[in-house]
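Biologist: I am new to this structure and would like to be taken through it. Could we begin with the terms and then go from topic to topic?

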Amino acid sequence: MKLVRYGDVGHEKPGLMDGEILRDLSGHVADITGAMLDDATLDKLRSIDPATLPAVDGTPRMGACVGNIGKFLCIGLNYSDHAAETGAAIPEHPILFFKANSAIVGPNDDVVMPRGSTKTDWEVELGVVIGTTAKYVSKEDALNHVAGYCVVNDVSERHFQSQLTGQWTKGKSCDTFGPTGPYLVTRDEVPDPQNLAMSLDVNGTRMQTGNTSTMIFTVAEIIEHLSQLMTLHPGDVITTGTPPGVGLGMKPPTFLKVGDVMELTIEGLGSQRQEVKQDA
């Protein structure tokens, strides 16, 4: 299934994609959140004939594909070629940072550069949505705890990230720096999360081209590792790193400016489009 949330900010409704038709799910669930991402509830939704659901008119705004996200966990430098372009060593263990939940926006909402930003950058990433509680899980069992997958743009302010003394979180958590969606694609539709093509364009020019097959740590290995450190709860989102082609890695480095348009896609998971604005 491709589950979505649509409507105005703060008033999103649950939906389901029936091919190209958006269907309203609000007669069956209140929202797409961690509380309904267990296998039993998802199986009940699969049993519904989409044709019996009301079609949604027009082209409403798409919200983040998961509401009330718990933890937003991010893995850094998880593609060997991306680590090389930034001059970083290959990590021995997954690098973890957090993105503030206030950064989360819909997949096509504007990305707003904060005051003082000079180095705002792009990062297409595979997002993993936890469906059932995971604690001390093995990599062999890890994917059974996944509800589904989505596209994430891990927008990053590089000056804030590396030069404001502290953790990467400073440059990752600015408002609007976490476009998520459009779809939560359930795991039965993604038989191999380690073989998904991904790309990102800025103003129609291809910047990033990659495949999840080149991850240093697989999705299963990431879940295993994180679950040894903390309990992963339904509705938590893990974003798993980016392939090469970020602005920081260009020679000379190139960053976003007002009016730029980012378009990013992951195979089978849909596309995002954001215009860059400047905070007042």
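Modeller: Two strands pair if DSSP finds at least two bridges between them. Helices (H or I, at least four residues) and strands (E, at least two) are DSSP runs, numbered from the N terminus. This is a predicted model, in which local features need pLDDT of at least 70 and side-chain atom pairs count only at pLDDT 80 or more, while totals for chains, interfaces and linings use all residues. Residues are numbered from 1 along each chain as its sequence is written, and side-chain values use heavy atoms, with hydrogens and water left out.

Biologist: Which residue stands opposite Ser199 in E17?

Modeller: That residue is Thr265. Strand E14 (residues 197-202) and strand E17 (residues 261-266) run antiparallel and are joined by 5 bridges.

Biologist: And how many bridges join E14 to E15?

Modeller: There are 6 bridges between E14 and E15, which run antiparallel. Within this pairing, Asp201 has Arg206 of E15 as its bridge partner. E14 and E15 form a hairpin with 2 residues between the strands, where Asn203 takes a positive phi near 55°.

Biologist: What is the strand order of the open sheet?

Modeller: The sheet has 5 strands in the order E7-E18-E17-E14-E15, and the pairing is mixed. Its edge strands, each pairing on one side only, are E7 (111-113) and E15 (205-211). From one strand to the next, the twist averages 20°; axes here are lines fitted to C-alpha atoms, for helices over the stretch in contact, and angles run from 0 to 180 degrees between N-to-C directions.

Biologist: Changing topic, how many salt bridges does the structure hold?

Modeller: The count is 18, where a salt bridge is a side-chain nitrogen of Lys or Arg within 4 Å of a carboxyl oxygen of Asp or Glu. One of them joins Glu189 and Lys2, with the closest N and O atoms 3.3 Å apart. This pair links distant parts of the chain, 187 residues apart: Glu189 is in the loop between strand E13 (184-186) and E14, and Lys2 is in strand E1 (residues 2-6).

Biologist: Why is Glu189 called partly exposed?

Modeller: Glu189 is partly exposed because its relative accessible area is 39%. Buried means under 20% relative accessible area, exposed over 50%, and partly exposed in between (1.4 Å probe, protein chains only). Lys2, with a relative accessible area of 24%, is partly exposed.

Biologist: Are Glu12 and Arg5 buried or exposed?

Modeller: Both Glu12 and Arg5 are buried. They form a salt bridge, with the closest N and O atoms 3.6 Å apart. In another salt bridge, the side chains of Asp18 and Arg23 meet at 3.1 Å, N to O. Asp18 counts as partly exposed at 25% relative accessibility, whereas Arg23 is buried at 12%. Salt bridges that share partners also join Lys99, Asp121, Glu123, Asp154, Arg158 and Lys172 into one network.

Biologist: What about the cysteines: how many disulfides are there?

Modeller: The count is 0 disulfides, a disulfide being a pair of cysteine sulfur atoms within 2.5 Å. Cys150 is in no disulfide, and the nearest cysteine sulfur, that of Cys65, is 4.1 Å away. Cys150 is buried, at 0% relative accessibility.

Biologist: Which peptide bond to Pro182 is cis?

Modeller: The bond from Gly181 to Pro182 is cis, with omega near 20°. Pro182 lies in the loop between strand E12 (178-179) and E13. The bond from Lys251 to Pro252 is cis as well, with omega near -5°, and Pro252 lies in the loop between strand E16 (237-239) and E17.

Biologist: Where is Leu77 found?

Modeller: Leu77 is in the loop between strand E4 (72-76) and helix H2 (80-85). Its phi is near 50°, a positive value in a residue other than glycine. Leu77 counts as buried, at 13% relative accessibility.

Biologist: Is Tyr136 buried or exposed?

Modeller: Tyr136 is exposed, because its relative accessible area is 54%. Tyr136 has a positive phi of about 55° although it is not a glycine, and it lies in the loop between strand E9 (124-130) and helix H3 (139-142).
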